Amino acid sequence: MLLFGRGSREGAVPLRVAIETRGRTRQWSAALQLLREGVQLGVQVFPCHYVATVGACRRGGQWQHALSVLSEMWDAKLEPNLISYSVGISACEKGEQWQRALALLNEIWEAKLEHNVISYNAGISACEKGEQWQRALALLSEMREAKVEPSAISYNAGISACEKGEQWQRALALFGEMREAKLVLDVISYNAAISACEKGEQWQRALALLSEMREAKVEPDVISYNAGTSACEKGEQWQQALALLGEMWETKLEPDVISCSAGVSACEKGEQWQRWQRAVALLNEMWTARLEPNVISCSAGISACATGKQWQRALALLSEICGRRSWSPTSSATIAGVSACERASCANCLGVGGPGSSL
């Protein structure tokens with residue numbers, strides 16, 4: 001409970017400090033309660049109190065309460081300022097509410113306030129989270145028309161929006177604009193661009209960006225390698241995919257399920273005489289590293305064995321998988337196992353699973 005007297009102007013500063021303290025520790029509910037108690041006790045409340053409370057709600061992932069506090073500002077005859085709007089837009093972005101974020105951006109225009117890079121960045125990020133790449137690019141264009149210089153955050157969000165929209169050409173165009181504007185290209189920028197190339201099945205460009213990262217002294221992370229490996233898998237470049245996995249180990253980065261699954265899938269698409277050996281070896285490495293293979297990696301491994309006419313290994317692998325996790329009879333792994341038997345023209349091998357088998 002606040003210990004401020006009614007009509008207390010002196011209580012304004014302690015109230016703001018208390019709200020900000022709760023906000024920094026993500027205690028959004030406590031911050032909201034402090035604001036409302038202060039109003040009830042007659043503490044003189046300023047826009048900064050509301051902004052701090054909106055910020056607390058944003059950190060706590062409470063976009064509904066953030067918008068509610070903005071509404072309370074209007075009720076208190078305090079017009080929201082650019083900072084409060086920007087924090088509100090950011091709260092909507094974190095809550096993946098791109099429509100509401102754009103509505104707040106429009107309110108800024110209606111209130112005759114000048115947008116700044118922070119408000120635009122929050123809006124573009126909201127569009128990126130909502131997979132609205134056209135709207136994200138429209139906001140970037142609007143920034144330039146409004147003489148607001150896009151920052152690295154603006155471009156990164158725009159590139160990510162294009163990546164999610166499978167617009168690799170536009171993503172790389174924005175990446176090029178960043179370079180021309182002499183903005184710092186960080187790991188987020190590169191990862192978004194590489195992921196865009198992966199979605200567009202542009203494995204050569206993905207590898208070129210990975211190479212450029214190293215030359216620019218930007219250290220690739222697991223996300224960078226995962227996107228590169230997946231790009232190679234889609235391009236049926238199994239050697240390149242395995243080379244990237246090898247680089248991860250050399251740089252002390254631990255491949256995750258996504259990395260290894262892409263590698264197994266790449267091996268499945270490789271040359272028939274050696275694809276199954278490499279796929280099975282990689283699956284074994286996953287289990288050794290205590291990484292549980294997913295449906296994609298397991299199905300790819302079994303399919304590789306089937307193509308290599310290794311039906312015994314395919315069914316052994318399927319049996320081992322069934323012992324580690326539950327699979328539905330219609331799963332792609334089971335279908336691949338049946339395919340292995342069909343290719344081997346073995347009428348009796350479907351009974352290998354034995355009584356109680358999940359096959």
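Me: What share of the chain's contacts with a separation of 6 or more comes from residues 24 or more positions apart?

Reply: Such residues account for 64% of those contacts, a contact being heavy atoms within 4.5 Å. A word on the background: this is a predicted model, where local features need pLDDT of at least 70, side-chain atom pairs count only at pLDDT 80 or more, and totals for chains, interfaces and linings use all residues. Residues are numbered from 1 along each chain as its sequence is written, and side-chain values use heavy atoms, with hydrogens and water left out.

Me: How many helices and strands does the chain have, and what makes something count as one?

Reply: The chain has 19 helices and zero strands. Both are DSSP runs numbered from the N terminus: a helix is H or I over at least four residues, a strand is E over at least two.

Me: What makes the length of helix α2 close to what is expected?

Reply: Helix α2 covers residues 28-40, 13 residues in total. The expected span is 1.5 Å times one less than the number of residues, which gives 18 Å for α2, and the helix reaches 18 Å from its first C-alpha to its last. Following α2 comes G42, whose phi is positive, near 85°.

Me: Which residues of α2 are buried, and what covers them?

Reply: Buried means under 20% relative accessible area, exposed means over 50%, and partly exposed lies in between (1.4 Å probe, protein chains only). In α2 the buried residues are A31, L32, L34, L35, E37 and G38. Their cover includes α1 (12-24), α3 (47-59) and α4 (63-75). Across the chain's 359 residues, buried ones make up 48%.

Me: Why is L315 called buried?

Reply: L315 has 8% relative accessibility, so it counts as buried. This residue lies in helix α18 (residues 311-324). Its C-alpha is 7.7 Å from that of I302, a residue 13 positions away along the chain.

Me: Why is the pairing of K164 and E128 called a salt bridge?

Reply: Side chains of opposite charge can pair when their charged atoms come close. The rule asks for a side-chain nitrogen of Lys or Arg within 4 Å of a carboxyl oxygen of Asp or Glu. In K164 and E128 the closest N and O atoms are 2.7 Å apart, so the pair qualifies. K164 is partly exposed because its relative accessibility is 31%, while E128, at 11%, counts as buried.

Me: How many salt bridges are there, and which others can I look at?

Reply: The structure holds nine. Among them, K234 and E198 meet at 2.7 Å, N to O. K234 sits in helix α13 (residues 222-234) and E198 in helix α11 (residues 187-199), 36 residues apart. K234 has 33% relative accessibility, so it is partly exposed, whereas E198 at 13% is buried.

Another is E247 with R214, also 2.7 Å from N to O. Here E247 belongs to helix α14 and R214 to helix α12 (residues 203-215), 33 residues apart. E247, at 25%, counts as partly exposed, and R214 is partly exposed at 33%.

Me: What makes a space in the protein a cavity or a pocket?

Reply: Rolling a probe the size of a water molecule over the atoms shows where empty space is left. On a 1 Å grid over the protein atoms alone, a cavity is a set of points where a 1.4 Å probe fits but cannot get out; a pocket is an open set with protein on both sides within 12 Å along at least five of seven lines, and lining residues have an atom within 4 Å of a point. Points are joined across faces, edges and corners, and the volume is the space filled by probe spheres set on them.

Me: How many cavities of 30 Å³ or more are counted, and which residues line the largest?

Reply: The count is one. The largest cavity has a volume of about 50 Å³, and its lining consists of L245, W249, P255, C260, L282, E285, M286, A289 and L291. The elements giving two or more residues to this lining are α14 (238-250) and α16 (272-288).

Me: What is the volume of the largest pocket, and which element gives the most to its lining?

Reply: The volume is about 330 Å³. Of its 15 lining residues, S160, E163, A192, S195 and I223 are the closest to the centre. α11 gives the most, with seven residues.
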